[in-house]
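Q: I'm new to this one and would like to learn how to read it. Can we look at it together?

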Amino acid sequence: MDNIHAGISTAPLDIAAAHAFVDDAGHGAVTSFVGVVRNLHEGKPVSGIHYDVYPPLAEKVFTEMALEAREKWPGMKVFIEHFQGYLPVGGISVLIVVSAPHRAEAFDGCRYLIEELKQRAPVWKREYYPDGPSEWLPGHSLRGRENPEVEDAPG
Amino acid sequence: MNPLSVKLRFFGAMRRHGDALDLQLPAGSSVADLRRELVALIGEEAATLVNSCAVASDSRLLHQQEALSGEHDLALLPPVSGG
């Protein structure tokens, strides 16, 4: 789709490629969100995270989110990629880069996309610890997010 | 009518039950019936997790009362935690 990249990658995420994708002579602002595995979660040392992903649906959700952003901020260029697999501390798990004519919409668009991704994308974190068994993290339920065009039957 | 054949893929915390399960359901079964049949197969202790999951195809989330038909490749999606 023109000016939208929505993907899942098992290779390291490439910040330079994302910036090149959103490059536009008419856009004076580029903002990025780079999600990175940190070494501590709720006071517990973390050694890495495995990201489980349902790729076909994740790519569809990312594309829908990008189209929503372009509806709100016309002309915006959007790059969204999420990593699938294991990353040690410091690894890049998600990359969102947008460009727009001015900084206000570039900041707002980037913030919108990462907040929506956290609520909607079919991605699951399994945290690994240096001194204990791994754990799947709790998250946001997707129940109730079904397309309203198909209504549940009463009862 | 022929029974429904469903391949249900597991993600996140559901992977403790494997990567996928093949289920046979009576014709006319709904997503809710699929959920009940799954709990019957893997055990009542999984009911809370199964009920927190959405059921999806590779392109959309399915409604609870939606009728299934034909062969299905579906996914059971626990609460999400990406980013």
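Q: Which strands of chain B does helix 1 lie across?
A: Keep in mind that this is a predicted model. Helix 1 (residues 31–42) of chain B lies across strand 1 (4–10), strand 2, strand 3 and strand 4 of chain B. Against strand 2 of chain B, helix 1 runs at about 115°.

Q: In what order do the four strands of chain B form their sheet?
A: Strands of a sheet pair through backbone hydrogen bonds, either parallel or antiparallel. Here the order is 2-1-4-3 in an open sheet, with mixed pairing. Strand 2 (20–25) and strand 3 (54–56) of chain B are the edge strands, each pairing on one side only. On average, neighbouring strands of this sheet are turned by 30° against each other, direction ignored.

Q: How many bridges join strand 3 to strand 4 in chain B?
A: Three, and the two strands run antiparallel. In one of these pairings, Ala56(B) has Ala75(B) in strand 4 as its bridge partner.

Q: Over in chain A, what do the buried residues of helix 3 pack against?
A: In an α-helix, residues three or four places apart point the same way. In helix 3 of chain A, the buried residues include Ala106(A), Gly109(A), Cys110(A), Leu113(A) and Leu117(A). The buried residues of this helix pack against strand 2 (29–36), helix 2 (55–72), strand 6 (77–83) and strand 8 of chain A.

Q: Why does Val89(A) count as partly exposed?
A: Because its relative accessibility is 38%, and partly exposed lies between under 20% for buried and over 50% for exposed. Val89(A) sits in the loop between strand 7 (85–88) and strand 8 (92–100) of chain A. Beyond its neighbours within four places in sequence, Val89(A) has contacts including Val37(A), Val46(A) and Gly48(A).

How values were computed:
Residues numbered from 1 in each chain as written. Chains lettered and ligands numbered in written order. Predicted model: local features only at pLDDT ≥ 70, side-chain atom pairs only at ≥ 80, totals over all residues. Heavy atoms only, no water. Buried < 20%, exposed > 50% of the residue type's maximum accessible area, 1.4 Å probe, protein only. Contact = heavy atoms within 4.5 Å. Pairing = 2+ DSSP bridges. Axes fitted to C-alpha atoms, helices over the stretch in contact; angles between N-to-C directions.
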